[in-house]
Amino acid sequence: MQTHEQTTAASSNTSSLVIEQLTLKRQQQLLLSLNETIVGGDILTIMGPSGSGKSTLLNWLTGMLPKGFSAKGNVYLNGQLITDTASHMRRIGLIYQDPLLFPHLTVAGNISFAMPAGVKAQRQADISQALSQVGLAGLEHRSPQSLSGGQQARVALLRVLLSQPKAILLDEPFSKLDSQLRQETRQLVFEQIRQHKLPAIMVTHDQSDADAAQGKIISLF
Amino acid sequence: MITAKSGFNTLVRSSPYLMMALLVLPVIGGLIAVVLPAFGWFPVLGHTQFNISGFVDLWHTPGIGYMALLSVSTSFISTLLAFVITILILASYFTSPWLGYIQRLLGPILVIPHAAAAIAIGFLITPSGMFSRLVSPWLSGWDTPPDWLFPHDAMGLSIILGLTLKELPFLLLMALSVLAQPDLGHTLRAQHRVALSLGYCPMTAFFKVVLPSLYPFLRLPILAVLAYASASVEIPLILGPNSPPTLAVAIMQWFHDVDLSLRIKASAGAIVQIALTLLLLLGWWLAEKLIKTLSQSMLVNGKREYAGAIMQNITHVITMLMLTVIGLALLGMVLWSFAGFWAYPDLLPNTFVTQHWQSALQQMRTPLVDTLLIGVCATGLAVVLTLLTLEAEQHTNKTVSRLSSVIIYLPLLIPSIAFLFGLVWVLEQINSHHTFINVVLAHLLFVLPYVFLSLASSFRRLDPRFSYVAASLGASQAKIFWQIKLPMLLAPIFIAAALGLAISFSQYLPTLLAGGGRINTITTEAVSLANGASRRTSAVYALVQMLLPALGFLLAWALPKMLLTHRE
């Protein structure tokens, strides 16, 4: 975790995600237009019914716009233009409603997969420390399928954080958790985002998610 | 669902057993009838004592080691190549629309019979074939056909080329059908996106995230391909060396020898063939385990990029090369079938004539009718049995057991050369001299698994609530089957039937053996013409072989549409 804090600390002054003059279209029909700046630690919430283009916005931000959609506009991450950067070079982390842990890897393997290459022992120590911070100490060698839904969500969160992203996108992140778990997980995720000073965008149906994010809310209707 | 007793329900309940019997008895019977002579028990020649003289004879056959090596190496290398190229194509085009285009281009190759594919590839690489014409004389300086041994090279390179090109579309389409499963495909694509968002280059993301989950679904198809390749007859017969040939081809020649005592050696050879195939399957499985263990730490080492761009370019080249080879092979065959005089090294025939088509079509009238009759009978039986078995599955509310699903694929996994000869002997013993029925039953062994494979997923996916609604309206099981399920499944049934016909049309060994040489189909004729004198006649036969299944699929695609619009 140490290396991580150093990198985010160094860039904390400039940490931002800027969406400039975006218009998103499905075929010829306008889905949404947006002009936003999100500074590190802030969470922009986007609400709206399905089909309103929320997920398409996230797809555009990660460079994975599906066929049939078109977009105009630019996106800057920490001052760098990344509109045409390949998906895997953008360093934007994704959290979906499904944890999407890789079934062929252990819990530690999933996190290790996400971390930058490095000394094996150090990586393992980082993983153990991160796991114990979120109450999952000792679960390194379990298979993801043997964990509860809440535990899987926390592993997915660690996987994203330890990959040292420069921004985080959350796509209906808590909608598959029951209400008690939802609150706990949400608090943990938001805390981590603020602590790491990462700009974040959350797409959700749920008003309580939006309230908890304590940031700007945009409704698409 | 609780069902009442009725004639239909009894028929349905008993059909799985009938299907199993039709698949298991011939294979087991055939195997026993090969094992006995292999160990010396061959009453026709007065041998009634068990010994291993057959194996001793086999051991002393000149070149036996080379035959076995040729079988093992060609099948292993071709399967490995087909697998690696499949994976490279998937990895390179995983998120690209090109994957769909490649699928559409390669799909039709799947239904081209092995014999026809081998003939086409032979035409491409033969000394006066398309390839050497294409580079002559401007690049090679050849004014006369070069002096090379292709397509009968002793190393089996032509066999490898033929097998690889035939196996690749199969593996690729199997992989794509796994990715097309709604839940699994969606999850794998989402996990791929996760890996991209974690900074993995697309190629590495595929290898580290998608492949480990995808491979288990490909294992059975790969092993089937490997087993088939190790004992296949058509491709080595047309594209392989003659002395010595592959083991399977040699076994076939010994069985067919007028000298009946060679049957003992042939039976011993068939046993060795099974052992070789099993050894190959075991070898593949061990290699798989080894690679899995060795790569475990690489999966999580955090490295995001392994020369992905270079690999991607290599894949582009391989894909283009492959499509070009296939395109040229097909083009060459069409040209030959219409060629009049064709001087070397001209790229196109000097004159075009239709006389080869006219005379060949006249010649092939009887084989053509037999091909169609056998195909329709075998496919009809297969479709009916499959539908009833799948219906039984829903009556008893459980899918066929693991054992049964292995049994369904038994004829595809056991080298056919090993049990077909025994089967012929068994048929002779029970005095079944109706060659036509024998051929249909032999075809059924190979048609049934594919029809089942093709229909099972659509049948099982049909929303059960349609049946519940119908039953609540007072419809009997029979009525639901005939008036709800069958009409709703019309399109997949037609596709399965077209696949069954294509499989039946392509059968060489079962036709040859069960027909005892008295029944000829387009495929047996094409194979016997392949190494004969007239390349032009051979081209016509191979093209007809390709057109027949294509016609079947065209009908399967068009008929349901016509029937449905008619209803509207």
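**Exercise 1. Into which domains is chain B divided, and what are their residue ranges?**

Solution. Before starting, note that this is a predicted model, in which local features need pLDDT of at least 70 and side-chain atom pairs count only at pLDDT 80 or more, while totals for chains, interfaces and linings use all residues. Residues are numbered from 1 along each chain as its sequence is written, and chains are lettered from A and ligands numbered from 1 in the order in which they are written.

Step 1: chain B consists of domain 1 (65-268 + 278-353) and domain 2 (354-415 + 433-568), with bounds that come from an automatic or database domain assignment.

Step 2: 25 Å separates the C-alpha centres of domain 1 and domain 2 of chain B. Their contact takes 25 residues from domain 1 of chain B and 30 residues from domain 2 of chain B, where residues are in contact if their C-beta atoms, placed from the backbone, lie within 7 Å.

Step 3: on the side of domain 1 of chain B that touches domain 2 of chain B, at least two residues each are supplied by helix 5 (114-125), helix 9, helix 10 (234-239) and helix 13 (308-338) of chain B; helices (H or I, at least four residues) and strands (E, at least two) are DSSP runs, numbered from the N terminus.

**Exercise 2. Describe how helix 7 of chain B and helix 9 of chain B are arranged.**

Solution. Step 1: the axes of helix 7 (residues 157-179) and helix 9 (residues 202-231) of chain B come within 10 Å and cross at roughly 155°; axes are lines fitted to C-alpha atoms, for helices over the stretch in contact, and angles run from 0 to 180 degrees between N-to-C directions.

Step 2: helix 7 and helix 9 of chain B are therefore roughly antiparallel to each other, a term for angles over 145 degrees.

Step 3: the residues that meet include B:L163 and B:F170 in helix 7 of chain B, and B:L214 and B:F217 in helix 9 of chain B. This contact has 13 nonpolar, no polar and one charged residues (Ala, Val, Leu, Ile, Met, Phe, Trp, Tyr, Cys and Pro count as nonpolar, Asp, Glu, Lys and Arg as charged, and the others, Gly among them, as polar).

**Exercise 3. Find the strand order of the open sheet in chain A, and its edges.**

Solution. Step 1: the four strands of this open sheet of chain A follow the order 2-1-4-5, with antiparallel pairing; two strands pair if DSSP finds at least two bridges between them.

Step 2: strand 2 (29-39) and strand 5 (80-81) of chain A stand at the edges, each with a single partner strand, so one side of each has no neighbour in the sheet.

Methods. Parallel < 35°, antiparallel > 145°, perpendicular 65-115°, else oblique. Contact = placed C-beta atoms within 7 Å.
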